[in-house]
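I opened this entry to record what I looked up in the model. The notes follow the order in which I checked things.

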Amino acid sequence: MRTERGNISLIFLSAAVVVLIVLMLLFDLCRVFAARERTKNASDAVVLAVAQDLIYFNQQERWALAEEVVCFYGCSLVSLSVGYDGVEAEVKREVNLVLVDRIIPGTGTVYSKSRSEVVYPWDIRFNYCDYYKFDYRED
């Protein structure tokens with residue numbers, strides 16, 4: 001006579017392994033989303049900081065300014081492109097993944113790119129500074 005004792009242990013063990021793998025994948029996914037948010041914030045902050053310096057004609061140490069902002073977010077600067085009317089930055093962050101790095105090594109890097117257009121007050125969109133009319137009256 002065959003007995004089916006012990007089968008429930010194997011089913012429970014295989015279910016526990018499947019649940020553990022799913023939880024590790026969810027943990028990796030959460031880490032990727034958190035890193036994505038961090039890199040997006042860093043690239044946006046870099047673009048805005050450099051664009052502000054561009055408006056005020058402060059052209060010294062743009063790369064150093066960008067590096068300082070990126071380091072605050074725990075990321076690293078990949079590229080910074082500055083033109084007369086725009087700034088573009090790419091930022092990356094290394095992510096230590098629990099499961100995916102063991103299956104596919106070298107997949108734990110998240111990149112983010114941001115671009116900002118600079119509009120100067122003397123631009124046609126501001127009607128060449130004709131919005132403000134100054135009127136001087138002597139009393």
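I read the order of elements from the N terminus as α-α-β-β-α-β. That gives three helices and three strands, where helices (H or I, at least four residues) and strands (E, at least two) are DSSP runs numbered from the N terminus. The model is predicted: local features need pLDDT of at least 70, side-chain atom pairs count only at pLDDT 80 or more, and totals for chains, interfaces and linings use all residues. Residues are numbered from 1 along each chain as its sequence is written, and side-chain values use heavy atoms, with hydrogens and water left out.

The list includes Asp28, Ala35, Thr39, Val46, Val50 and Leu54. An α-helix has 3.6 residues a turn, so residues three or four places apart point the same way. What covers the buried residues of helix 1? I found helix 2 (62–72), strand 1 (76–82), strand 2 (86–94), helix 3 (100–103) and strand 3 (109–117) among the covering elements.

Strands. I checked pairing, which requires at least two DSSP bridges between two strands. Strand 1 and strand 2 are antiparallel over six bridges, and a hairpin of three residues joins them. Leu77 stands opposite Val91 in strand 2. Strand 2 and strand 3 are also antiparallel, over nine bridges; Val87 has Ser116 of strand 3 as its bridge partner.

Whole protein. I recorded 25% of the 139 residues as buried. Of the contacts (heavy atoms within 4.5 Å) with a separation of 6 or more, 55% are between residues 24 or more positions apart.

Surface. The protein exposes about 10,700 Å², with carbon and sulfur atoms supplying 59% of it; areas come from the Shrake-Rupley method with a 1.4 Å probe. I found a nonpolar patch of about 650 Å² made by Val18, Val19, Val22, Leu23, Leu26, Leu29 and Phe33. Leu29 lies in helix 1 and is partly exposed, at 42% relative accessible area.

Terms used: Buried means under 20% relative accessible area, exposed over 50%, partly exposed in between (1.4 Å probe, protein chains only). Patches are made of residues with over 30% relative accessible area and no salt bridge: like charges are joined within 9 Å, nonpolar side chains (Val, Leu, Ile, Met, Phe, Trp, Tyr) within 5 Å. A salt bridge is a side-chain nitrogen of Lys or Arg within 4 Å of a carboxyl oxygen of Asp or Glu.
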